[in-house]
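Here is my notebook from a first look through this structure.

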Amino acid sequence: MTRHRSHSAAFKRQVAEEFIAGETLHALSKRHDISRQLIRIWVGKFEAGALDDDVQAADLMQEYEAKIAALERLVGRQALEIELLKGALKHAPRPRSASTSVVAGPVASPSAGGVS
């Protein structure tokens, strides 16, 4: 079974810099116990500038802003649903003779076929 580990940006930069400095993929892979393909990916990201703290912080901010926007949309929909249901409850016909409770509902009348 494969194991999934999370590595810091600093560690990824360090490994990428070691590779660029001349270390072999095989040696880095053995020493850090990570795959050569993962090292290649990190080197590509390092060369593209994606392992910079500022870039990662900006990406994280975008991700959080997208989540916040989705949550705000959800809250807005729920607020509209609540208002719609409140309005429907105000205008719903109620029997005048029976008392009702929001929690328990209508009170059962004694003549409604009790248990014998």
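**Entry 1: E18.** I found E18 in helix α1, residues 9-20 (helices are DSSP runs of H or I with at least four residues, strands are runs of E with at least two, and both are numbered from the N terminus). Leaving aside residues up to four places away in sequence, E18 touches E23, L28, R31 and H32 (contact means heavy atoms within 4.5 Å).

**Entry 2: ground rules.** I noted that this is a predicted model, where local features need pLDDT of at least 70, side-chain atom pairs count only at pLDDT 80 or more, and totals for chains, interfaces and linings use all residues. Residues are numbered from 1 along each chain as its sequence is written, and side-chain values use heavy atoms, with hydrogens and water left out.

**Entry 3: the whole protein.** I counted 4 helices and 2 strands, and along the sequence they follow the pattern α-α-α-α-β-β. Of the 116 residues, 16% count as buried. Among contacts with a separation of 6 or more, 44% come from residues 24 or more positions apart.

**Entry 4: α2 and α3.** Next I looked up how helix α2 (residues 25-32) meets helix α3 (residues 36-48): their axes come within 9 Å and cross at roughly 110° (axes are lines fitted to C-alpha atoms, for helices over the stretch in contact, and angles run from 0 to 180 degrees between N-to-C directions). The two helices, α2 and α3, are therefore roughly perpendicular to each other (a label for 65 to 115 degrees; under 35 is roughly parallel, over 145 roughly antiparallel, and the rest oblique).

**Entry 5: K45.** I stayed in helix α3, where K45 is found. K45 counts as partly exposed, because its relative accessibility is 40%. Setting aside residues up to four places away in sequence, K45 touches A50 and L51. I also checked K45 against A16: they are 29 residues apart in sequence and 8.8 Å apart in space, C-alpha to C-alpha.

**Entry 6: Y64.** My last stop was Y64, which I found in helix α4, residues 53-91. Y64 is partly exposed, with a relative accessible area of 42%.

Terms used: Buried < 20%, exposed > 50% of the residue type's maximum accessible area, 1.4 Å probe, protein only.
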